[in-house]
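Look over the sequence and the model first, then read the points below.

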Amino acid sequence: MKTNITIAIRLSIICLFIFAVLYPFAIWALAQTQASKGKGKMIEAGGKSYYYHIGQAFEGDQYFQSRPSAVGYNAAGSGASNNGPSNEVYLKEVAARIDTFLIKNPTVKREQVPVDLVTASGSGLDPHCSLQAAYVQAARIAELRGLSVQQVNNLIAENKEPALWGLFGPEKIHVLKLNLALDDLANQLGEKHGN
C-alpha cells in the first residue's frame, strides 16, 4: 500500500512537471520562432490593429457582415450558444436574423440566405464566411457605396481564399480583409472623382 502511494505521488510530480512546465515552455519557445512571437497575426489598417484570426463586428450596412457570434465577438469567452436545431428559442433567433437580413437585402429571396449568415460558428469568432454569404450581400453594399454590383463581385473574387492546402473545406472569404479592401476601393474611387 505504501509503495502504491509513493508511486502515485512520483507519477503526479512527473506529470505536473511535464504538463505544467515542460509542455507550456515548449509551446512558448515554438511560438517565439514565428514572426508574431506568439501574439497572433495582426492586420494594420487606418491606424487600427485587428487580430487576423478573430471575427469582428462591423457597424453599418455598407460593410459585409460576418457570421453572428454567440459571445459578441469576445475572444476571452469564445463559444457557441449550445442550443440545438430543435430548440424553439434558437429557431426564433435564427428566424429573426433571416427576417432582418431580408429587410436589409430586399433583392434576396428567403431560400438564398446562406446558413452561415444566420447561425453562429462553434467558437463564435469565425473570421470567415462562405463565398455565397459574400455574394448575396453585394447588391446592398453596391447601392450603399455607390458602386456597381460587378465591382463588388470582382472585389469578392479577388479576395477569396482557397480551401486548406487546396483539399480541405470550401473556398471562403476573410470578412475583415474584404471590408478593408472595400474601404480602399471606395477611397480610390472617391479620389478619382475628386471627393
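**A salt bridge to start**

Asp61 and Lys104 form a salt bridge, with their closest N and O atoms 3.3 Å apart. A salt bridge here is a side-chain nitrogen of Lys or Arg within 4 Å of a carboxyl oxygen of Asp or Glu. Asp61 lies in the loop between β2 (48–51) and α2 (88–104), and Lys104 lies in helix α2, so the pair ties together parts that are 43 residues apart in sequence.

This is a predicted model: local features need pLDDT of at least 70, side-chain atom pairs count only at pLDDT 80 or more, and totals for chains, interfaces and linings use all residues. Residues are numbered from 1 along each chain as its sequence is written, and side-chain values use heavy atoms, leaving out hydrogens and water.

- The structure holds seven salt bridges.
- Asp61 is partly exposed, at 29% relative accessibility (buried means under 20% relative accessible area, exposed over 50%, partly exposed in between, with a 1.4 Å probe and protein chains only).
- Arg97 pairs with Glu93 in another salt bridge, the closest N and O atoms being 2.5 Å apart.
- Both Arg97 and Glu93 sit in helix α2, four residues apart, about one turn of the helix.
- Glu93 is partly exposed, with a relative accessible area of 34%.
- Arg145 and Asp183 meet through their side chains in a salt bridge of 2.9 Å, N to O.
- That pair links distant parts of the chain: Arg145 is in helix α4 (residues 138–145) and Asp183 is in helix α6 (residues 175–192), 38 residues apart.
- Arg145 is buried, with a relative accessible area of 19%.
- Asp183 is partly exposed, with a relative accessible area of 21%.

**Helix α1**

- Helices (H or I, at least four residues) and strands (E, at least two) are DSSP runs, numbered from the N terminus.
- Helix α1 covers residues 2–32, and its 31 residues should span 45 Å at 1.5 Å a residue (the expected span is 1.5 Å times one less than the number of residues).
- The end C-alpha atoms of α1 are 44 Å apart, which agrees.
- A kink of about 30 degrees in α1 is centred on Ile18 (the bend is the angle between axes fitted to the seven residues ending there and the seven starting there).

**The sheet**

- Three strands form an open sheet in the order β3-β5-β4, with antiparallel pairing (two strands pair if DSSP finds at least two bridges between them).
- β3 (128–130) and β4 (160–161) are the edge strands, each pairing on one side only.
- β4 and β5 (residues 172–174) run antiparallel, joined by two bridges.
- Lys160 stands opposite Ile173 in β5.
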